[in-house]
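Trainee: Could you walk me through a few features of this model? I'd like to know how to read each one.

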Amino acid sequence: MIDRTKKFIVIASPTFICNASCSHCGIPSDIDYKKILSPEELYISIKNVLTSFYKQYLDNYEIHFVFHGGEPMILGIDYIEKFIRLTEKENYQYFMQSNMILYDKKWRDIFKKYDFKVSTSYDFYGDIRRLKTGEDYYKTWSKNVKQYIQDTGRRIQTIVTLNRKNINYIEEMIDIANELNINLELNCIRPTGRALKNHSNNFITPGEYGFAMAKAYTYGKKYQDMKVRYGHTIEKIVSENTSLPCPFTRNCIDTIFMIDSNGNMHKCPIAMQYSFPHFGNALSNQLDMKRFIKFKTLTSYSVEDCNGCNICNNGGCPIDRISGDIFLRERNTYCVSYRILYESVLKLNRLEIKEVINI
Ligand code: SF4
Ligand code: SF4
């Protein structure tokens, strides 16, 4: 039987308030930190997006709903339960991207009750993470992460932002991740928000990013249970022919959207961080159909330079291919990163090259 269910990833930042003030935070400085979207407003905003842009799927859709921030635990348990009650008759699965600083028994119970998948972030080897209370960030974070793993038996996915300093400690980071029983997702620092102001000397090149991901993937293999993204993503794509997730896809307009604390609809948090024009206000149902269709049309163009290489789905993440209002029909900025990683995944696993790649 053909599964006609449409799966959406809906990322929501009902608040941008945070209990930390990290020096590389990508949230634009002009964001309205005071505004909090209520559970009802959030629910209406999502409904309006689905009705305006994805009407044909309204009878049969599945939502992977991600509470994002700011710090989503700041919203409190009542907020989360209220939103869940609004959505409980629909096909929702709940996720949370949190800094875990407020994690306690109450959150443990909520996560268990609604089968939340929780992910976190921490940037080892550096002092870019600060708590507003002045407490030691790592101490609180690692204590709560250990408790979460003990409570749930789940390895927690942890985003690490690679920068010029911590890129020299890839093996050490993997060893720590093994001790903590966590999985890693390696992102690289981007020139947005506070990072633009505070970290101009800390950016890394796409080549450095590629070699760092390859090293992490290769070294991480010595620990059987550990997953290091994006090496494992590419491994799955090659060996199991799975579909491409963000940031390798250029078709995300059909599967991912974000709602901010004003009810605006963005492509995703990265698009918002780069201050890309949003698709209008979902809360007041004033959505910009023209802009949505334009974005969709532009991202459907193929990239001649890709020459049959399909590692990042012919050009990959649209954000890395847009300059101002012009869509570049060129290879993705991170093309070289993905190809370095792809080669090392193939080599390490002695997998056959299935696509033509001309590096
Ligand atoms: S635009 Fe890029 S970062 Fe945003 S969802 Fe799509 S692939 Fe991911
Ligand atoms: S050539 Fe580069 S941009 Fe094109 S699909 Fe391959 S990795 Fe992606």
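Trainee: How many residues lie between β8 and β9 in their hairpin?

Mentor: Strands are DSSP runs of E, at least two residues long, numbered from the N terminus. Here β8 and β9 make a hairpin with five residues between them, and G263 in that turn has a positive phi of about 85°. Keep in mind that this is a predicted model, where local features need pLDDT of at least 70, side-chain atom pairs count only at pLDDT 80 or more, and totals for chains, interfaces and linings use all residues. Residues are numbered from 1 along each chain as its sequence is written, while chains are lettered from A and ligands numbered from 1 in the order in which they are written.

Trainee: Which strands are joined to β8 by bridges, and how do they run?

Mentor: Two strands pair if DSSP finds at least two bridges between them. β1 (residues 6-12) runs parallel to β8, with four bridges, and I11 sits opposite M258. β9 (residues 265-266) is antiparallel to β8, with two bridges; there M258 faces H266.

Trainee: Are the faces of β8 buried or exposed?

Mentor: Buried means 20 or more other C-beta atoms within 10 Å of the residue's own, with C-beta atoms placed from the backbone. In β8 (residues 256-259), I256 and M258 on one side are buried, and so are F257 and I259 on the other.

Trainee: Which residues are around ligand 1?

Mentor: A residue counts if its C-beta atom, placed from the backbone, lies within 6 Å. The shell includes I256, C246, C252, C268 and C317.

Key. Buried ≥ 20, exposed ≤ 12 C-beta atoms within 10 Å, placed from the backbone.
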